[in-house]
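User: I would like to go through the terms used for this structure and see what each one rests on.

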Amino acid sequence: MQYKRLGKTGLQVSPLALGCMTFGVPERGTHPWTLDEEASRPIIRRAVELGINFFDTANMYSDGTSEEIVGRALKDFTRREETVIATKLYYPMGKGPNRGGLSRKAIMTEVDASLRRLGTDYIDLYQIHRWDDDTPLEETLEALHDVVKAGKVRYLGASSMHAWQFARALYLAERHGWTRFVSMQNHLNLLYREEEREMLPLCAAEGIGVIPWSPLARGRLARDWDVASKRSDTDEVTRRLYAATEDADRRVADAVKAVAGARGVPRAQVAMAWVAQKAGVTAPIVGASRLSQLEDAAAALKLRLSAEEIAQLEAPYVPHRVAGFV
């Protein structure tokens with residue numbers, strides 16, 4: 001495994017991050033397709049064996065049980081100083097006021113709750129899961145700076161938002177001497193490339209590490225177009241992200257199938273290789289519910305697509321409406 005720096009930092013991460021939304025108690029939260037702890041542990045262990053040191057979860061995944069499962073597994077399978085744990089906050093963690101968002105109160109409460117669930121005394125990368133229109137940005141940035149200075153967090157990251165919002169956050173942090181975001185976790189795959197317009201050039205200019213989510217478009221690029229999965233049948237987010245452009249997206253999926261067939265490799269490897277090979281990308285985030293999915297993701301790191309193959313994959317794309325910010 002060849003490790004990469006996360007943006008301009010000195011932090012070394014594997015060029016593939018294991019997304020941990022897949023892990024959690026199925027009865028908790030809104031993801032009935034998650035794996036319980038017994039089923040999750042072999043996948044996390046195999047990720048460590050493959051050299052993956054970068055694990056991305058969130059406080060709201062399966063009502064906090066993802067963090068608990070990941071924390072216990074990493075303690076058993078690897079050493080803390082060799083592991084990069086990333087988690088996120090924003091979405092409500094209960095009923096009532098102040099249970100979500102990016103207020104100072106929410107940040108101070110949720111960072112401590114995540115530390116308890118993960119069983120660690122610091123978080124390597126603490127990310128804002130979404131933009132909070134109801135909290136002054138200065139309040140959010142100063143509170144995040146304070147949790148870094150308190151030693152609870154090593155680095156700060158952001159997730160899906162408009163490029164102008166991210167540019168403003170970077171500017172305000174620099175202006176006030178607060179800790180800047182070092183990474184952007186955004187929506188990027190062959191079915192959704194709108195981030196190429198503004199966000200990716202901004203991240204390149206500012207030295208921001210890019211760690212895209214859903215590199216396989218919720219699995220749609222890894223199987224026949226009309227084949228469903230338990231997740232696709234129950235995941236409303238998938239329908240919101242891709243239903244509006246289904247005909248054009250089908251042509252992209254057909255191109256992935258053609259390239260994979262010519263190469264003699266699974267489609268997932270081709271779709272993942274396109275993201276991993278893209279300029280500016282540090283580490284795609286892959287979710288795995290089977291060991292074979294993890295093996296395909298790792299194999300994709302060795303698959304070098306030619307310029308002709310990339311052109312073939314990209315040619316059917318049509319502009320999409322902005323999606324993935326909520």
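Analyst: A residue counts as buried under 20% relative accessible area, as exposed over 50% and as partly exposed in between, with a 1.4 Å probe and protein chains only. By that cut-off, 56% of the 326 residues in the protein are buried. The model is predicted, so local features need pLDDT of at least 70 and side-chain atom pairs pLDDT 80 or more, while totals for chains, interfaces and linings use all residues. Residues are numbered from 1 along each chain as its sequence is written, and side-chain values use heavy atoms, without hydrogens and water.

User: What makes helix 9 roughly antiparallel to helix 12?

Analyst: Angles over 145 degrees count as roughly antiparallel, taken from 0 to 180 degrees between N-to-C directions of axes fitted to C-alpha atoms over the stretch in contact. The axes of helix 9 (residues 246–263) and helix 12 (residues 307–314) cross at roughly 150° and come within 8 Å. Helix 9 is therefore roughly antiparallel to helix 12.

User: Which residues of helix 9 and helix 12 make the contact?

Analyst: Contact means heavy atoms within 4.5 Å. Helix 9 supplies V252, A255, V256, A258, V259 and R263, and helix 12 supplies E309, Q312 and L313.

Terms used. Helix = DSSP H or I, 4+ residues; strand = E, 2+ residues; numbered from the N terminus. Parallel < 35°, antiparallel > 145°, perpendicular 65-115°, else oblique.
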